[in-house]
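Colleague: I have a model open and want to learn how to read it. Can you take me through it one feature at a time?

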Amino acid sequence: MLIDINVSFGNWPFQKFLFDTPGKLERHLKKEGISMAFVSSIESVFYPDPDVYNKILFKKLKIFPSLIPIPIINPFLSNWKELFEEYVAYKKIKTIKILPNYHNYSLSSESVNEMMEKLKERKIPLIIQIRLEDERNQYPLLKIKGVEIEEIIKLANHFPQVPVICLCPYFSEAILLVKETENIYVDISFVECLDTIVTLLKEIPARRVLFGSHTPFLYTRSAVMKIKSADISEKDIQAITFKNVWDLLKL
Amino acid sequence: MLIIDIHTHNILCEQPFKKMEETIRLAKKLGINKLCLLGDVLRFGYNPSPEQIKKINDLTIKLVRRWPEFLIGFCFLNPRHNKKFIFDEIERCIIEENFKGIKLEISVNARDKRLDPIMKKAEELNIVVLHHSWDTSVIGRKIKSGGYQSDPSDIAELACRFPKVKIIMAHLSGGGIKGILKIKPFPNVWVDTSGSQPFSGIIEYAVKELGPERILYGSDIPGRDFSSQLGRIYGAKIKEKEKRLILGENAQKLLGLKC
């Protein structure tokens, strides 16, 4: 079984995606062997109030039980607290996602601390989207750097009770994030080197690694093949492909 | 299915044979039949000396001799060097060791006239030239430590000046959609699929604009992984026949391989 923690739905101005309906996305993921996926709205990245597109996503995914929506929150907007309560009440919501660099704030701000307190209280993990694109492939007039790794480590260590899932770290970043904390988990979508998973597990334990494909930005098959080609124990495969996320999100 | 990886690097390290043995094991596991070795091109920075070039090519020669059925050598050159050294190195690698191509990186820009003797020699010997390329509007043209990036428009200019030389532009993802359009008018330019993360859609676009015959599978290992880079070909929404061309048949024809 494969559970994908890193899937998006919507339009992106710099790529043409093939899966323009949730039905097409679901069929594609099934074909790739992915039985459940956590999905965020791409429009929530740029639209000033992410909630508008979070709600559209909730509605669209309602009839697709294998696609679980993840709302994107911007803790610098005045409505975030009420929305947080609203999302938590919506039983399908298992976690929330933030994009500090696209929404232009620092993780060391008071608003982020407040959000972390709420997550701690509700025992909800946080997802940080470190990046959406490789910085060397961005549109030259829209360069958004990845979230500072040191800032993430500092935040996670300050709130050790809150699991923090980091999406799209590079190989060296993933190792640093896990080694410097007890509560950070990383997905494999941007982690790459020769024999990726075997090499990664020489550095960090499988219990801190999650399967994420970053579909539709990346070819889903690339993440699937990283896992399928890895000479690792069945226990580690299960941990990465579904068990870790299952436990983290209390599925 | 025949799979030839047109873009791999062998690394100068303490145990290069052991490292290559492991690389070949991983490649074979994924059904890859041959690897093109381009050398440890960034080991000595943007401007390697003649001695350093020789050291890089020496290792490629040794590895190809050890695994002649699996490895294909490319001769790494620095166009800043004098003609005699360059021609001697071509003689040593291409004529004596049967390497199949020349690799150029970031020592000079692809428009630089110092490439001319190399290109003329490539034309005379009918061998391919694989040139690094990336979109310089994103990463800049001048490299901080020295050296120059080349982008698809530079490769297009080179192809225009030497229409009889078969050129492989490296890094499909690095050049992006605009890069594909830049080289489209030049039938003597192929593109390899390596570079960056496996961003979706670009293989389909390249097939539509260039035709599948001008696209070559490349991984850029060891910085990348065979699995992930093959995933972009297997995962692309193109015909099976087109995948076969990209994965190996085009490279076989281009390099004149009997396999």
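Modeller: Start with contact: two residues are in contact if their C-beta atoms, placed from the backbone, lie within 7 Å. Keep in mind that this is a predicted model.

Colleague: How many residues of helix 9 of chain A are buried?

Modeller: The general idea is a neighbour count: 20 or more other C-beta atoms within 10 Å make a residue buried. In helix 9 of chain A, 7 of 9 residues are buried, so the helix is mostly covered. The buried set is Thr220(A), Arg221(A), Ser222(A), Ala223(A), Val224(A), Met225(A) and Lys226(A).

Colleague: Now the interface. How is its size usually stated?

Modeller: Often as the accessible area lost when the parts come together. Here we count residues in contact instead: 29 of chain B with 25 of chain A.

Colleague: Which helices of chain B each supply at least two residues of the side that touches chain A?

Modeller: Helix 1 (16-29), helix 5 (136-139), helix 7 (172-183) and helix 9 (226-234) of chain B. Helix 9 of chain B gives the largest share, 6 residues. By type, the side of chain B that touches chain A has 11 nonpolar, 13 polar and 5 charged residues.

Colleague: Next, peptide bonds. Where is a cis bond found in chain A?

Modeller: Read omega. The bond from Thr215(A) to Pro216(A) is cis, with omega near 5 degrees. Pro216(A) sits in the loop between strand 8 (209-210) and helix 9 (220-228) of chain A. Chain B has a cis bond from Ile221(B) to Pro222(B), with omega near 15 degrees. Pro222(B) lies in the loop between strand 8 (215-216) and helix 9 of chain B.

Colleague: And phi? What is its value at Asn104(A)?

Modeller: Look for a positive phi in a residue other than glycine. Asn104(A) has phi near 65 degrees. Its place is the loop between strand 4 (96-98) and helix 5 (110-122) of chain A. In chain B, Asn98(B) also has phi near 65 degrees. Asn98(B) is in the loop between helix 3 (83-96) and strand 4 (101-104).

Colleague: Why does Asn98(B) count as exposed?

Modeller: The cut-off for exposed is 12 or fewer neighbours. Asn98(B) is exposed because it has 11 C-beta neighbours inside 10 Å. Asn104(A) is exposed too, with 10 other C-beta atoms within 10 Å.

Conventions:
Residues numbered from 1 in each chain as written. Chains lettered and ligands numbered in written order. Predicted model: local features only at pLDDT ≥ 70, side-chain atom pairs only at ≥ 80, totals over all residues. Helix = DSSP H or I, 4+ residues; strand = E, 2+ residues; numbered from the N terminus. Nonpolar A, V, L, I, M, F, W, Y, C, P; charged D, E, K, R; others polar.
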